[in-house]
Amino acid sequence: MSERTRLIDLADRAYKADAWYGGSLLEILDGVTPAMAAKHPAKSAHSIWELVEHVASWNIIVTQRMQGEMPSVTEEFNFPPVHKPTPAAWKATLKRLAASQALFRREIARFPEAKLGRMRPGVKHTWSVLIYGQVEHCLYHAAQIALLRRALGKPVPS
């Protein structure tokens, strides 16, 4: 299996299904209502909604970096605020997550295999580290979301 194929496989498992360790991000989000997503069950912690927006933002940021852009990471883009926690807004957030994941996946698929091991300009790591890092970032926040679900008294689907 090539490194690019492995990256696509890992991104897919982290996002949608078949991860050996447990639930993917989508599996953990299954059954989360807008009301649940908007709550802050842990002091000083982000809500599920905020974390989903954050993962979507970083899918976009990493994709832009892979395309050679230098996106500005403002606080508002890093953690977009939840203005109206309505069912329509939650649906839009989930749609944004799906679109950003599809964009990230497409960019991995088109990214030159030979470039993966090369150092990124201006930083001390490779393109591969950036991409693996975003997959790991998704999983990190999926675990936080699972804990928030539990804090809300909602079991995580297995």
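Here are two exercises on a predicted model, each with a worked solution.

**Exercise 1**

Task: Work out how helices α1 and α6 pack, and which residues meet.

Solution: 

Step 1. Locate the helices. Helix α1 covers residues 3-15, and helix α6 covers residues 87-110.

Step 2. Take the geometry. The two axes lie 9 Å apart, at an angle of about 165 degrees. An angle over 145 degrees counts as roughly antiparallel. Therefore α1 is roughly antiparallel to α6.

Step 3. The crossing of α1 past α6 is left-handed.

Step 4. List the residues that meet. From α1 come R4, L7, I8, A11, D12 and Y15. From α6 come L97, A98, Q101, F104, R105, I108, A109 and R110.

Step 5. Sort the residues of this contact. Nine are nonpolar, one is polar and four are charged.

**Exercise 2**

Task: Find how many cavities of 30 Å³ or more the structure holds, and describe the lining of the largest cavity.

Solution: 

Step 1. Count. The structure holds one cavity of 30 Å³ or more.

Step 2. Give the volume. For the largest cavity, this is about 30 Å³.

Step 3. Name the lining. A11, A14, N59, Q101, F104, Q134, V135 and C138 line the largest cavity.

Step 4. Assign helices. At least two lining residues come from each of α1, α6 and α7 (127-151). Helix α7 gives the most, with three residues.

Step 5. Sort the lining. Five residues are nonpolar, three are polar and none is charged.

Step 6. Link the exercises. A11, Q101 and F104 belong to the contact of α1 with α6, and A11, Q101 and F104 also line the largest cavity.

Notes. Residues are numbered from 1 along each chain as its sequence is written. This is a predicted model: local features need pLDDT of at least 70, side-chain atom pairs count only at pLDDT 80 or more; totals for chains, interfaces and linings use all residues. Side-chain values use heavy atoms; hydrogens and water are left out. Axes are lines fitted to C-alpha atoms, for helices over the stretch in contact, and angles run from 0 to 180 degrees between N-to-C directions. Helices (H or I, at least four residues) and strands (E, at least two) are DSSP runs, numbered from the N terminus. Angles under 35 degrees count as roughly parallel, over 145 as roughly antiparallel, 65 to 115 as roughly perpendicular and the rest as oblique. A crossing is left-handed if the near helix is turned anticlockwise from the far one by less than a right angle, and right-handed if clockwise. Contact means heavy atoms within 4.5 Å. Ala, Val, Leu, Ile, Met, Phe, Trp, Tyr, Cys and Pro count as nonpolar, Asp, Glu, Lys and Arg as charged, and the others, Gly among them, as polar. On a 1 Å grid over the protein atoms alone, a cavity is a set of points where a 1.4 Å probe fits but cannot get out, and a pocket is an open set with protein on both sides within 12 Å along at least five of seven lines; lining residues have an atom within 4 Å of a point. Grid points are joined across faces, edges and corners, and a volume is the space filled by probe spheres set on the points.
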